[in-house]
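Biologist: Thanks for sitting down with me today. Could you bring up the model, and we'll talk through its side-chain contacts together?

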Amino acid sequence: MKKYQLGEFEEIVMLTVAILTNDAYGVSIKKEIESRLSRKVSVGALQTALKRLEMKGYLKSHEGEATEVRAGRPKRYFEVTVPGQKAIAYTKSIRDELWSAIPSLSPELKVVY
Amino acid sequence: MRKRKAGPPGLFLRFFRWFCHPELKDYIEGDMMELYYERIKNKGKRRADIKFIIDVVLLFRPGIIRLSKNMKYLNTYAMFRNYFKVTFRNLVRHKGYAALNIAGFAAGIAVCIVILLFVSFERSFDNFQPDDLYRLNEVQAFPGMLASQEVALSMSPMGPALKDEFPEIKNFTRVSWFRNYMVYSGSKKAYLGQSFLVDSTFLQMFNFKMIEGNRATALMKPNQAVLTRSAARKIFGDEDPLNKMITYYSRDTMTFMVTGVLKDVPENSQMQFDALYSFSSLKDPTLAENWGGNWLNTYLELQPHADIAALEKKFPAFLKEHMASSEGWKYYTLFLLPYKNVHAGASDIGLDYINYHKFDGKYTDLFFGLALIILVIACINFMNLSTARSAERAKEVGIRKSIGSRRIQLAFQFITESVIMSLIALVIALALVYLMLPSVNSLSQRNLSLDFLLKPWPAILTAGGAVVIGILSGIYPAFYLSGFQPVKVLKSANPDGGSRPVLRNVLVVIQFSSAICLMINSVFIVRQLNFMLSKDPGFDKSNVVDIELNGKSGSNTEELKTELLKNNLIKGVTACQDILGSHLDQSTVEFRGDGPKRFLTATRLIVDPDYLRLYKIPVIYGRDFSESNSARGNEYIINETFAKELLSDEPGRPMSSLIGDRFGFDSTGTIIGIARDFNFNSLHNKIETLFINNNVQYRFSHLSVKIDGSKTAESLACIRSVWDSKYPDQPFRYQFLDDHFNEVYQSDSQVSSIVARLTLLAFIISCLGLFGLASYSAERRVKEVGIRKVFGASVAGIAVMLSKDFIKYVMVASVITLPLAWFIVRQWIRNYAYHIPISLWIFLVSVLASIVIALVTTSYQAVKSASANPVSSLRNE
């Protein structure tokens with residue numbers, strides 16, 4: 001049983017990449033996270049996370065087109081890999097297990113579930 | 001319209017480009033630019049700039065920063081092995097150049113090591129003694145002397161009086177010396193070199209290690225002695241010498257009890273002795289209390305941080321108080337010299353009898369500077385020769401670069417080569433030093449050795465030093481060679497290294513200037529030395545043997561004389577108080593001419609009547625000493641200088657009028673004659689005032705025997721047999737007067753040897769440098785030579801053309817160096833009262849010689865290039 005080490009921010013980044021499917025590159029990921037979660041993301045933190053995820057093998061990247069607005073620099077598109085999918089699924093299932101193990105203290109909680 | 005800066009803040013953009021990992025750089029930069037232009041649209045340029053800056057700063061984090069280049073070199077070990085291999089292959093393939101380069105380096109390093117050994121030994125003198133020790137010295141300015149003199153002597157009662165009256169002075173000790181005498185213990189006898197008579201405080205003030213005995217009490221009572229371990233062994237063998245008695249025969253027989261044993265005195269101590277005797281053993285109390293007799297040295301221990309200048313200012317009053325009766329205080333000034341400076345700083349101080357191998361500290365510093373200069377020149381040569389061979393390495397550099405070597409790697413490779421060569425040079429240098437040391441030691445009378453290398457730290461430091469030198473010398477060639485562009489070098493194998501070798505030319509000029517300057521100086525030194533040795537000193541010193549007299553033999557010279565003269569190998573015998581050529585004693589005499597009595601101080605020589613005849617010193621006025629007994633003791637002969645001094649107030653009066661005037665230690669004698677001036681001291685000094693007294697009752701210390709020059713060995717044997725028959729238990733110590741005079745000039749001859757050798761070295765190094773230059777230039781002009789040959793130039797013509805440039809350098813060097821050399825020569829030659837003139841032809845000849853040497857050096861290269869086959873050099877066009 002493999003252990004999938006995934007930090008909180010990394011998890012969010014991976015989920016965002018999965019959401020964006022074919023359009024996940026630096027700027028778009030950053031905008032997506034910022035709009036959905038209303039939290040500021042620095043380019044540096046994002047790039048580090050992306051790099052680490054790629055080193056772990058959860059993401060893979062390919063080169064995109066260069067545009068003038070990018071001063072001629074190409075884009076780098078990311079995709080979730082199969083191990084990556086397994087990783088986020090695993091993380092989610094862990095969360096679910098934990099949630100279900102909470103004793104029912106109030107009926108509202110149970111209702112939400 | 002104002003021009004606005006387009007794009008994001010350039011500084012930060014550049015900063016980002018610098019630190020960002022190359023793999024990520026493009027993408028991130030693209031993202032940043034996209035965001036930037038969006039932000040401009042949304043919030044304006046200013047906000048966009050600010051956010052850009054923030055983002056760049058936040059991007060400065062470990063995940064993004066590129067790995068430093070070093071991290072890439074994970075296989076450094078493998079690269080080093082390659083470097084070693086390549087280095088050795090290169091050395092083997094170009095054995096000639098490699099040998100030349102390494103040899104030059106080794107020579108420079110060897111000389112540097114030798115000089116540093118000498119300097120460090122000199123500087124280590126007396127370093128084991130405590131601080132705050134000083135020696136008391138005097139400046140004597142007596143009437144009758146031509147100049148005042150600084151002397152190391154002091155008066156016996158000064159020490160105790162100083163200690164009592166000045167709280168700054170904690171302690172004192174007096175030291176008097178005597179040499180070369182026999183010591184007996186029962187039936188055993190031994191010969192001790194030098195011993196001191198010292199106060200009991202000596203052992204407490206100085207750090208001489210005591211093996212046996214009590215430092216505080218060993219020399220407190222009269223007739224106590226402390227021996228060094230080797231002296232003790234000489235006398236007593238392996239027995240414990242403590243509490244045994246030793247006897248010393250001189251004017252009086254004295255017996256001492258041994259109260260202690262000291263470790264042998266180390267080489268680096270200004271005081272060298274075999275035994276110490278207690279000062280209180282002196283039988284004659286007047287000697288100890290006498291104000292006016294300067295016959296010993298006084299050493300003082302001062303309070304820490306004492307004010308020397310203030311103390312010295314109090315001395316004149318001190319002297320006046322103690323010497324009020326005799327007026328002597330007018331003629332003396334006392335001054336202090338720190339004990340640790342005595343070895344190096346007392347060159348101007350005379351009558352300095354216990355200053356072992358005194359050597360002027362200024363020369364030591366000079367030598368140190370020279371060592372550094374030589375090292376620098378050797379390194380520069382190394383650089384020159386390495387870059388001169390550039391054509392051969394050019395292809396290698398080109399190939400390595402095109403395969404992917406970075407410039408730093410190549411530089412590193414060449415530096416490794418230099419370091420390896422310098423380590424090899426170090427080994428060779430050490431071998432050279434080992435071979436040179438015996439002659440250096442005998443030249444400098446020191447005992448230098450390479451033993452220091454046996455300890456781990458010095459050995460490591462030396463090796464480290466060689467590595468550092470290798471790196472420093474290798475940097476320039478490394479960067480020069482690694483800068484070749486592959487395209488250029490692979491195409492034509494002619495690197496044409498960019499900048500013209502101006503630096504190199506300057507270096508060669510400097511090298512030649514120093515070599516020529518040294519050559520000129522050494523020629524002058526050698527000639528001055530020869531001049532001093534061969535100049536007629538005014539008396540005949542050939543074939544004279546000087547014999548040391550002592551005690552019994554000194555008081556009865558008439559008998560010895562008659563015995564010796566019986567043999568016809570002996571041409572003459574005379575007795576005197578001291579040997580010519582050493583510093584003779586001085587004393588005060590009275591002179592009563594027509595005016596009032598005058599007291600003067602002059603050099604004194606006490607002799608028997610035959611003295612002037614044996615040495616063939618002419619008496620120009622009056623007469624020589626008479627043989628008759630009645631006249632003994634009253635006859636005085638003065639030299640011309642003294643006569644002039646006596647008549648200094650009456651220049652018109654002729655010298656002959658002095659004959660008959662009363663003169664002498666108590667005005668009891670008369671001047672019977674005036675002798676021609678002769679050099680009784682070394683030619684360093686002008687001739688001082690001298691008076692000669694005929695007094696056979698005097699206990700003479702030296703016997704001068706003139707022998708048959710053609711039968712030296714037999715004459716010596718004859719003298720020896722007479723001596724042994726009369727004084728069998730006194731050692732027969734003799735010296736040829738010629739040898740003695742050579743000794744007097746020994747330090748001069750040492751300096752001249754050293755300078756001559758340094759000249760040779762400087763020329764070798766300069767020629768190496770020139771050789772490198774010539775090779776480099778020859779390489780560059782290969783094509784030019786080829787073309788000229790095709791057009792019909794002769795080998796000789798081309799060789800001349802190639803060499804012409806270098807002769808230019810030598811000429812420039814000469815022009816620079818001539819005034820400098822002239823200035824230097826003038827400086828030191830003035831120190832000799834009698835010196836050779838500074839002749840121009842010496843300068844010219846030196847320059848000419850240098851030109852010839854330079855020609856010979858460059859001719860090899862010139863001829864080689866000139867004879868090259870033009871076909872092969874033009875083939876690649």
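Biologist: How many salt bridges does a search of the whole structure find over all chains?

Modeller: First, a word on the source: this is a predicted model, where local features need pLDDT of at least 70, side-chain atom pairs count only at pLDDT 80 or more, and totals for chains, interfaces and linings use all residues. Residues are numbered from 1 along each chain as its sequence is written, chains are lettered from A and ligands numbered from 1 in the order in which they are written, and side-chain values use heavy atoms, with hydrogens and water left out. A salt bridge is a side-chain nitrogen of Lys or Arg within 4 Å of a carboxyl oxygen of Asp or Glu. Over all chains, the number of salt bridges found is 31.

Biologist: Which residue forms a salt bridge with A:E79?

Modeller: A:E79 is in strand β2 of chain A and its partner is in strand β1, so the bridge ties together parts that are 19 residues apart in sequence. A:E79 is partly exposed, with a relative accessible area of 26%. The closest N and O atoms are 3.7 Å apart, and the partner is A:K60.

Biologist: Now to chain B. Over the face of which residue does B:R123 lie?

Modeller: B:R123, in helix α6, is linked to B:D365 in helix α13, 242 residues apart, by a salt bridge of 2.5 Å, N to O. A charge sits over a ring if NZ of Lys or CZ of Arg is within 6 Å of the ring centre and within 35 degrees of the ring normal. B:R123 lies 5.6 Å from the ring centre of B:F368.

Biologist: And what kind of aromatic pair do B:F256 and B:Y277 form?

Modeller: There are 40 aromatic pairs over all chains. Rings of Phe, Tyr and Trp (its six-membered ring) pair if their centres lie within 6.5 Å; planes under 30 degrees apart count as stacked, over 60 as edge-to-face and the rest as tilted. Both B:F256 and B:Y277 are buried. With 4.4 Å centre to centre and 45° between the planes, their pair is tilted.

Biologist: Last one: which helix of chain B gives the most to the nonpolar patch?

Modeller: Patches are made of residues with over 30% relative accessible area and no salt bridge, like charges being joined within 9 Å and nonpolar side chains (Val, Leu, Ile, Met, Phe, Trp, Tyr) within 5 Å; accessible areas come from the Shrake-Rupley method with a 1.4 Å probe, and for residues only the protein chains shown count as cover. This patch is about 510 Å², made by B:I408, B:V468, B:I471, B:L472, B:I475 and B:F479. B:F479 counts as partly exposed, at 36% relative accessibility. Giving the most, with five residues, is helix α16.

Notes: Helices (H or I, at least four residues) and strands (E, at least two) are DSSP runs, numbered from the N terminus. Buried means under 20% relative accessible area, exposed over 50%, partly exposed in between (1.4 Å probe, protein chains only).
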